[in-house]
Each structure stands twice: as structure tokens, then as C-alpha cells.
Amino acid sequence: NMFKAIIIIGGPQKGTRFRPLSFEVPKPLFPVAGVPMLQHHIEACAQVPDMKEIILIGFYQPNDELNRFISSSQQEFKIPIRYLQEFAALGTGGGIYHFRDQILSGGPVAFFLMNADVCSEFPLQEMLRFHHQHGENHCGVLLGTTANRTQSLNYGCIVENHETNEVLHFVEKPSTFVSDVINCGIYLFTPDIFGHIGKVFQKNQQERIQEELTNGKQMPEVIRLEQDIFTSLAGQKKLVVYKTQHFWSQIKSAGSAIYASRLYLKQYHQTHPERLATNQDGTPKIIGDVYIHPTANIDPSAVLGPNVSIGKGVTIGGGVRVRESIILHGAVLQDHCCVLNSIVGWDSTVGKWARVEGTPSDPNPNDPYAKIDSETLFRDGGLTPSITILGCNVSIPSEVIIRNSIVLPHKDLNRSFQNQIIL
């Protein structure tokens with residue numbers, strides 16, 4: 001019995017809502033709770049017994065950053081990791097079908113498939129147990145979670161048979177309420193799934209040939225896992241849904257990275273207590289969950305937390321206050337500045353007594369099923385108040401206030417701004 005895991009990491013044109021941060025680093029490598037987003041996935045996969053290899057599929061050009069991450073993760077987790085580059089965006093179904101020989105080499109009995117832009121406790125071993133309990137007939141387990149009625153419309157909705165957990169009906173982003181069980185983008189498949197994708201591929205192939213003969217248009221071979229595969233397999237006893245009570249969130253926008261950081265920092269109490277800063281003599285005051293990279297240099301009179309991660313080589317001066325924020329490597333926060341609900345980019349500087357603050361985009365804390373809203377950038381003719389983002393190498397002068405704004409890389413500001421994108 002051996003398993004593999006496939007992680008879909010997208011490409012440079014995906015994750016545009018993540019700019020200006022994705023200019024510097026591929027979005028899947030953006031640090032969440034102090035480690036690259038993808039490392040949380042890889043760590044969970046590496047804990048599954050008999051996991052033989054992890055395959056990343058995307059359409060990034062192979063780059064130093066990705067290669068460094070892959071080689072350091074292979075050493076840390078003692079598991080082979082490979083990157084397969086798609087020549088075009090083929091959709092998730094098309095991507096795994098294109099690389100099916102690589103995925104099936106060595107004869108895995110099943111493989112996990114997950115999207116890079118989710119944060120989760122990744123209950124992979126629970127999904128495996130659930131898969132074995134449900135016999136031989138199905139070819140896929142979908143991880144589901146409960147959303148509230150209005151927010152369910154932004155996700156893939158799953159209608160299940162409550163006795164058998166069989167997926168009866170699947171609708172991607174329905175226009176009216178279908179079900180409050182939503183798709184988490186984390187799956188376990190047997191190799192049989194490729195037969196079903198193959199049928200869709202053949203059918204599309206014939207339609208494409210017709211289309212190209214009649215219209216001379218070239219259609220790409222996009223096969224979407226959700227709309228093309230799940231929708232047709234639902235109700236055929238081929239898919240079952242495993243509902244998790246653990247945390248789960250999408251990481252679409254930069255604001256949701258701060259929320260995801262909070263979820264992972266909280267999980268560190270169980271999984272990595274050594275990553276959480278503690279209050280000691282001669283160290284800054286820590287409130288709640290805070291991650292500090294060992295190379296950061298922080299004045300003991302600073303106050304950090306809750307939900308703060310401080311990257312490599314960051315310098316924080318006296319009397320600084322940081323809350324609900326991510327400070328990326330090499331940034332400098334000068335004395336007495338205040339940073340709230342913000343992401344401070346690589347090598348940026350915030351001047352003395354300056355204030356950088358955003359508006360949190362957290363889910364409603366009173367609704368246990370609330371998810372983060374994929375907010376639109378603009379609403380009612382203005383910028384939606386959200387997390388403040390400073391791109392890399394931005395310089396904020398002393399004694400100004402930057403609120404609810406997005407500052408693109410390499411800007412030197414000379415005054416205060418609010419509710420603006422500063423290009």
C-alpha cells in the first residue's frame with residue numbers, strides 16, 4: 001500500500017488578488033504563521049504512513065525560490081518532492097490527467113489532491129480511514145465543511161445522503177441556496193478517477209474537433225475538476241464526502257493570509273509549541289500567539305500580539321506596538337510606531353511614531369460556520385476598507401498615518417494616506 005500527494009500550486013496569473021505581495025514571491029511560498037503556505041500542506045502529507053512522494057503541479061517557470069523550497073522541504077520531511085510544470089492552464093482535472101503517468105508510476109493505491117491556497121488542519125489520515133470504511137465502489141472522498149447559507153453560494157456545494165455520505169449533487173458557486181456543506185478543495189482519489197476524467201477528455205476532444213472544423217477556433221483542453229467531473233459523478237455512488245469540524249479557510253486575498261496565520265498559530269499550541277514566543281525577562285511583551293524568527297532583533301520595550309508573525313532579520317525599535325499583522329523579512333519598524341491589521345513587505349521601513357493600520361476582514365466571530373468573504377477590491381466607487389499592505393522596499397516617513405491602503409513596491413511616501421492604492 002502506498003500513497004502520493006498532489007498539490008496544485010497555480011501560476012503567476014493566479015492569485016492576482018494577492019498582489020502586490022506576489023510580485024516578490026510565488027503566492028504558495030508566502031509565509032503564513034512563519035513558514036511558507038505550502039509547508040503546512042507538505043508537513044501534513046509527510047505524516048501519512050506509506051506516503052511515497054509529493055508532486056507539485058503548476059505553471060510557474062521553475063525558479064530559484066521554488067527550487068530552494070523544494071530541496072529544503074525534502075531534507076526536512078525526508079520525502080521526495082517534485083515540481084511538474086503545465087504548459088498551459090489546463091484546469092485541475094486537465095492538469096492531473098495530463099500528468100497521470102507520473103502520478104500513477106509505482107502503483108499508488110490512492111492519492112491525495114489539494115489546492116495550495118487553503119489553510120486547514122488537513123485531516124488526511126481521517127480521510128483515509130473514512131475511505132476504507134466506505135468499501136470499494138467509490139473513487140473519491142471530498143473533504144467538506146459547513147458554511148452559513150449566504151456564504152455557501154461562493155463555494156462548491158455538496159448535497160449528501162446522510163446515511164451513506166454519498167455525494168448526490170454537486171454545484172459550483174450556485175446562484176440560489178443548494179447546501180451548507182461546501183467543498184474544501186482537499187480530496188482523496190483512487191486511480192479510477194482518471195477513467196472518468198478520460199471520458200470527459202474524449203468527449204471534449206470530439207467537440208473540439210467539430211468546433212475547430214466549423215469555426216477554426218482553437219479551444220484549450222481545460223477540464224475543471226468541480227464543474228466537469230464532480231457534477232457528473234455526483235449521484236453515481238462514486239464520490240463520498242467527509243465532513244471536518246477542524247478549521248479551514250481559503251487564502252485568496254492578502255487579508256485572508258492574516259486570518260490563516262491566526263488559525264495556524266493557534267494550532268501550534270498542539271503541533272509546534274516551540275514556534276510560539278513566550279514572555280521572559282529582557283524580551284518584548286507577548287500577548288496571545290506570536291511567531292518570531294530567531295534572527296529578528298526586537299527591543300524589549302516593544303509589545304507584540306495577538307496574531308503576529310515576525311520574519312527573518314526584522315528589526316523592531318523601542319515602544320513599538322504590533323497586532324494582527326505579518327512583518328516580512330528585513331523590515332524595520334522604528335521606535336514607537338504602531339502596526340495594526342497590516343502586512344509590512346520585505347525590506348520596508350516604518351518611521352518613528354508612524355501608524356500603519358488596516359481593517360480586518362475576519363469572518364463573523366459569532367457565527368461558528370462563517371467563512372472569510374472573498375471581498376471585492378472596490379465597493380460603492382471606493383476602495384473597500386481592508387488590510388493595509390506595504391509592498392517590498394516601501395518607506396513610510398515618521399509621524400504619518402497610512403490607513404486601509406495598498407502601497408506598491410519601492411515607494412517612498414512623504415505624507416499620510418487613507419483608502420488608496422498608491423502606485
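The domain bounds used on this tour come from an automatic or database domain assignment. The structure is a predicted model.

**Stop 1: the two domains**

Select residues 3-250 and colour them as domain 1, then select residues 275-418 and colour them as domain 2; these are the bounds that the assignment gives. The C-alpha centres of domain 1 and domain 2 lie 32 Å apart. Where the domains meet, 24 residues of domain 1 and 23 residues of domain 2 take part in the contact.

**Stop 2: the contact between the domains**

Display the surface between the two parts. About 1,800 Å² is buried between domain 1 and domain 2, and carbon and sulfur atoms give 62% of that area. Select Pro 20, Leu 21 and Gln 151 next: these residues supply 27% of the area that domain 1 buries against domain 2, more than any other three residues.

A search for salt bridges between domain 1 and domain 2 gives a count of 0. For polar contact between domain 1 and domain 2, the count is 5 residue pairs, with both residues at pLDDT 80 or more. On the side of domain 1 that touches domain 2, the elements giving two or more residues are H1, strand S8 (140-146) and strand S13 (248-250). S13 provides the largest share of that side, 3 residues. By residue class, the side of domain 1 that touches domain 2 divides into 12 nonpolar, 9 polar and 3 charged residues.

**Stop 3: helix H1 and His 40**

Select residues 37-46, which form helix H1 and include His 40. H1 is mostly covered, with 9 of its 10 residues buried. Among the buried residues of H1 are Met 37, Gln 39, His 41, Glu 43 and Cys 45.

Now centre the view on His 40. Is His 40 buried or exposed? His 40 counts as buried because its relative accessibility is 7%, and the cut-off for buried is under 20%. Show the side chains of Val 32, Ala 33, Val 35, Phe 122, Tyr 264 and Tyr 268: His 40 touches these residues, when residues up to four places away in sequence are not counted.

**Stop 4: Ala 331**

Move to the loop between strand S21 (325-327) and strand S22 (332-333), where Ala 331 lies. Ala 331 is buried, with a relative accessible area of 0%. Leaving aside neighbours within four places in sequence, Ala 331 is in contact with Gly 313, Val 314, Thr 315, Val 344, Gly 345, Asp 347 and Ser 348. For a sense of scale, draw a distance from Ala 331 to Arg 129: the two residues are 202 residues apart along the chain, and their C-alpha atoms are separated by 45 Å.

**Stop 5: backbone geometry in the loops**

Most residues other than glycine have a negative phi, and most peptide bonds are trans. The next selections depart from that pattern.

- Pro 306 is in the loop between strand S17 (303-304) and strand S18 (308-310). The peptide bond from Gly 305 to Pro 306 is cis, with omega near -5 degrees.
- Asn 393 is in the loop between strand S29 (388-390) and strand S30 (395-396). Its phi is positive, near 60 degrees. Asn 393 counts as partly exposed, at 38% relative accessibility.
- His 410 is in the loop between strand S32 (406-407) and strand S33 (417-418). Phi of His 410 is also positive, near 65 degrees. His 410 is exposed, with a relative accessible area of 53%.

Key:
Residues are numbered from 1 along each chain as its sequence is written. This is a predicted model: local features need pLDDT of at least 70, side-chain atom pairs count only at pLDDT 80 or more; totals for chains, interfaces and linings use all residues. Side-chain values use heavy atoms; hydrogens and water are left out. Helices (H or I, at least four residues) and strands (E, at least two) are DSSP runs, numbered from the N terminus. Buried means under 20% relative accessible area, exposed over 50%, partly exposed in between (1.4 Å probe, protein chains only). Contact means heavy atoms within 4.5 Å. Buried area is the accessible area (1.4 Å probe) that two parts lose on being put together, summed over both. A salt bridge is a side-chain nitrogen of Lys or Arg within 4 Å of a carboxyl oxygen of Asp or Glu. A polar contact is a pair of N or O atoms within 3.5 Å; within protein, one must be able to donate a hydrogen and the other to accept it, and residues adjacent in sequence count only if both atoms are side-chain atoms. Ala, Val, Leu, Ile, Met, Phe, Trp, Tyr, Cys and Pro count as nonpolar, Asp, Glu, Lys and Arg as charged, and the others, Gly among them, as polar.
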